[in-house]
Amino acid sequence: MAHAGVLFLDELPEFDRNVLEVLREPLESGVISISRAARQARFPARFQLVAAMNPCPCGYFGHFDGRCRCTPDQVARYRQRLSGPLLDRIDLRIEVPAVPEAALTDRTIGETSAVVRQRVTAARDRQLARQRKPNGQLDPAEIDRHAAPDAKGQALLSRALEQLGLSARGYHRILKVARTVADLAGAETVLANHVAEAIQYRRPAAI
Amino acid sequence: MGLAVLRSRALAGMDAPPVAVEVHLANGLPSFTIVGLPDTEVKEAKDRVRAAIQNCGFEFPARRITVNLAPADLPKESGRFDLPIALGILAASKQIPDGLLDRHEFAGELALTGALRPVRGALAMTFRAHHDGRAFVLPSASAPEAALVPGAQVLGAGTLLEVCAHLSGVEPLSQTQRTADGIDGHYPDLADVKGQAQAKRALEVAAAGHHAVLMIGPPGSGKTMLAERFPGLLPPMTETEALESAAMQSLAPGGFDLQRWKRRPYRAPHHTASAVALVGGGAQPAAG
């Protein structure tokens, strides 16, 4: 039902494991096939997954006033509820820290959706013109062709691979995200700073 | 003896395979049977059709009536076969001319008064009917959503009598015009979220490249607010995407709301949702 739209899963670790596992296939292929005794059906499902979770059972791990009382063991167990393969399919992982009081009472207004949307649309157009699909749906061969980074970016990436112990899929995901960052910046090739930003979104420290 | 063949559509997932509705009137004890793997709603069509025909001032033939829904192995559900069955009986008993029947496809649930009630999946059916080059006669409540299919000839009718008048050439139905203008709707604005510059930037990257995102943070830090604003960052829907998305929603029991045309759907299932609820399923596969 969320085809071409957004699927938001709040409290991701609270979902039953098997429920999340069924999402793996459509995330990859963009189609849901349902086979039953009577007949089969295929539904398009190119949705965009947005998930949210707390960092630990009490929710305040890493909070600036140190309210969290969870043991490291509890935190680890909470995070283990997510399967590796599913996490591997999520390109961007970000921390959303609590907002300090100063920022909350700040009167300045941030960027509006319309402004961001213009940039997004321009970047998406660039991708469609180059490869006829968004970067998130590139396969490995296409990544090598369209998203190969420059020498400095490559060096940075191999160092990151070593230190973070990334999977082959993780490697490709970083390149895809780096390609998108480059598209947003309007750059033809993927540069080192684009790769660096992409690696930021995949730090294992976040999970 | 009388025979009439009309065309309608079944629904199988996103697809709408053609269904031929064959009505045969034979001599013998008066009876009314529907064959061709009908579900309960289709079997109940008997009583609705009988009442609707009589209340519209036609005569319900006291003959042996057999209705066949072909192909025989495709399960058929919902009340959308009421209209073709009623028209088939009228055509087979020569109460309306059958000359125009072949150029149309029909779907609609009948009220006992003869009024037409909206049907589910109008968009998917019209898409295929248009592909096969036929006009599609629909209840007027379902017609506007069906008219979203570019170039399709959609005829909206309010009652069984209007359809009969159309088929006998007395008063042709007017074609339903496409009304949705495709101005995309309003989404919550990103500017409402204070701070979180890094998260906003990450969402921008995700929106641009169609990447999945996981946000990790303490309660009340704005994760849900950010997610709600995410559809507004995505590029406008293309015509194909909008049609597919509308067709999906038109299959659901709630139907498709024209206000939502070209609006990115946003679904936030609760965490107790089951696997089937999320991806869809059931004996007759439905979307989730």
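On a 1 Å grid over the protein atoms alone, a pocket is an open set of points where a 1.4 Å probe fits, with protein on both sides within 12 Å along at least five of seven lines, and its lining residues have an atom within 4 Å of a point. This is a predicted model, in which local features need pLDDT of at least 70 and side-chain atom pairs count only at pLDDT 80 or more, while totals for chains, interfaces and linings use all residues. Residues are numbered from 1 along each chain as its sequence is written, chains are lettered from A in the order in which they are written, and side-chain values use heavy atoms, with hydrogens and water left out.

The largest pocket has a volume of about 390 Å³, a volume being the space filled by probe spheres set on the grid points. Of its 25 lining residues, those closest to the centre are A:Leu27, A:Glu28, A:Gly136, A:Arg173 and A:Lys176.

In chain B, buried residues make up 55% of the 288 residues, where buried means under 20% relative accessible area, found with a 1.4 Å probe and protein chains only. B:Arg48 is one such buried residue, with a relative accessible area of 14%.

| Partner of B:Arg48 | Distance |
|---|---|
| B:Asp82, side chain | 2.5 Å |

With contact meaning heavy atoms within 4.5 Å, B:Arg48 also touches residues including B:Gly79, B:Glu109 and B:Leu112.

Technical notes. Buried means under 20% relative accessible area, exposed over 50%, partly exposed in between (1.4 Å probe, protein chains only). A polar contact is a pair of N or O atoms within 3.5 Å; within protein, one must be able to donate a hydrogen and the other to accept it, and residues adjacent in sequence count only if both atoms are side-chain atoms. Lists of a residue's contacts leave out its neighbours within four places in sequence.
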